[in-house]
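I opened this notebook to record what I looked up in one model.

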Amino acid sequence: MDIQKALSIGIAHQNSGRLKEAERIYRDILKIANTHPIALTLLAKLNFTNGKYAEVKKILPIVLKNYPDYMKAHVLAGDYYSQVKEYDIATKAYRRAILLYPSQAATLISLSNLIQSNSLLDHKMLGILLCLYREASIIEPKSIPALNNLAAIYLKLKEPSEALKTLNYVFKMEPQNIRSLAYKTVALMALDEKSKVDCLVGFGDLVKSRLLDINEDYRDISSFNSRLTEVLKSHPNHTSEWDSTQRAIRGGAIVPRLFDHQDPILNILKLSLEKTIDHYIAELPFDPNHPFLAIKPDKYTIDIWANFLGPTNYQSSHIHNKGWLSGVFYVSTHEGNGSESDPAAGWIEFNRPGYGLPGFGGEQFIRKIKPEPGLVVMFPSYVWHGTIPFSDEGERISIAFDVHI
């Protein structure tokens with residue numbers, strides 16, 4: 001066997017998503033050279049991608065024992081131990097990889113992200129992170145993750161002008177980058193640029209609510225929601241377990257991959273949402289100078305899931321990195337929408353930054369919409385949004401979606 005040629009074929013399979021073919025080739029190589037560092041690391045990475053963490057845990061020590069200076073194995077170790085929440089080991093692995101090969105922006109970013117998510121971010125630590133992300137952006141000037149993270153640290157250091165300067169580098173490469181646009185709104189709020197914030201967010205123009213354009217098979221939204229509730233509660237994907245680092249919901253339950261399950265009511269939901277979204281898009285003007293309106297689509301796909309929120313549950317403020325348009329359809333709302341202590345309890349609110357970013361400008365930029373059964377709220381995916389917790393008994397069921405173009 002020509003191992004080098006076999007590796008090239010395996011990598012091509014892996015990059016094209018033909019994972020079984022790639023795995024077969026790596027295992028064939030290991031029958032001949034049982035500690036081959038590249039084949040072992042690629043096999044471990046393949047298992048990591050597939051969520052087979054026990055296999056990764058078996059393979060990594062073999063590589064690191066026999067080839068302690070193989071940088072890519074240390075990078076994968078950092079990724080793996082971050083995933084299984086062994087953060088000290090992950091940090092050491094990333095640091096070792098950087099010592100072996102300092103000029104790698106991606107590993108600097110991974111290390112910095114790990115530090116940022118598991119450290120007390122005082123001024124000193126923010127300064128360290130600033131240096132790390134800046135170094136990554138120097139090594140790889142076109143790295144959008146490095147620039148976005150650098151901008152976020154500037155915002156946390158309350159230097160919005162520096163954040164905007166950094167974000168401008170991103171906009172030259174990718175004018176519609178969702179995370180950059182979200183950070184831009186925060187910087188503009190910090191600089192009290194109200195008209196620019198309003199133009200970007202578009203509350204009432206881009207952030208809009210309307211009743212679901214119910215498919216003609218159902219005339220009564222109440223009976224439609226009642227039947228939909230039954231299907232959602234019995235859906236095979238209904239779960240109370242998920243990775244909180246990947247979702248904004250805090251407490252409650254979710255139904256991911258809603259259309260994995262076939263039911264007539266879900267088909268009607270899909271048709272009705274598409275009809276509602278089509279009307280929203282048709283009403284939008286085209287503006288080549290606006291990051292949202294410049295790419296008004298003719299065709300799109302929808303990613304959709306359900307959320308169940310009970311008392312004290314909520315959605316932390318977040319954005320949707322992979323969407324163009326995002327939205328929520330309310331199936332049911334809890335009995336006591338609002339309370340004496342907070343009349344807006346349970347409402348959806350906009351423009352409150354998440355991800356540990358400071359809320360510049362106090363409440364002057366915050367906008368809220370009261371949820372009602374049958375209501376659809378739509379907004380650009382870069383607009384910060386979350387929900388206000390409610391304490392009354394009851395449950396709120398909603399369908400969240402992203403429009404991809």
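The entries below cover the fold, the surface, the charges and the aromatic rings.

**Basis.** I worked with a predicted model, in which local features need pLDDT of at least 70, side-chain atom pairs count only at pLDDT 80 or more, and totals for chains, interfaces and linings use all residues. I numbered residues from 1 along each chain as its sequence is written, and side-chain values use heavy atoms, with hydrogens and water left out.

**Entry 1, fold.** I found 14 helices and 11 strands in the protein chain; these are DSSP runs numbered from the N terminus, helices being H or I of at least four residues and strands E of at least two. Along the principal axes, the C-alpha atoms fill a box of roughly 65 × 50 × 40 Å.

I took a contact to mean heavy atoms within 4.5 Å. Of the contacts between residues at least 6 apart in sequence, 68% join residues at least 24 apart.

The mean positions of the 45 positive and 44 negative charges lie 7 Å apart. Lys and Arg count as positive and Asp and Glu as negative, without His and the chain ends; the charge is placed at NZ of Lys, CZ of Arg, CG of Asp or CD of Glu.

I recorded 8 aromatic pairs in the structure. Rings of Phe, Tyr and Trp (its six-membered ring) pair if their centres lie within 6.5 Å, and planes under 30 degrees apart count as stacked, over 60 as edge-to-face and the rest as tilted.

Y53 and Y80 form a tilted pair, because their planes stand at 55°, with the ring centres 6.4 Å apart. The pair joins helix 4 (residues 53-66), which holds Y53, to helix 5 (residues 71-83), which holds Y80, across 27 residues. Y53 is partly exposed at 27% relative accessible area, whereas Y80 is buried at 4%.

Terms used:
Buried < 20%, exposed > 50% of the residue type's maximum accessible area, 1.4 Å probe, protein only.
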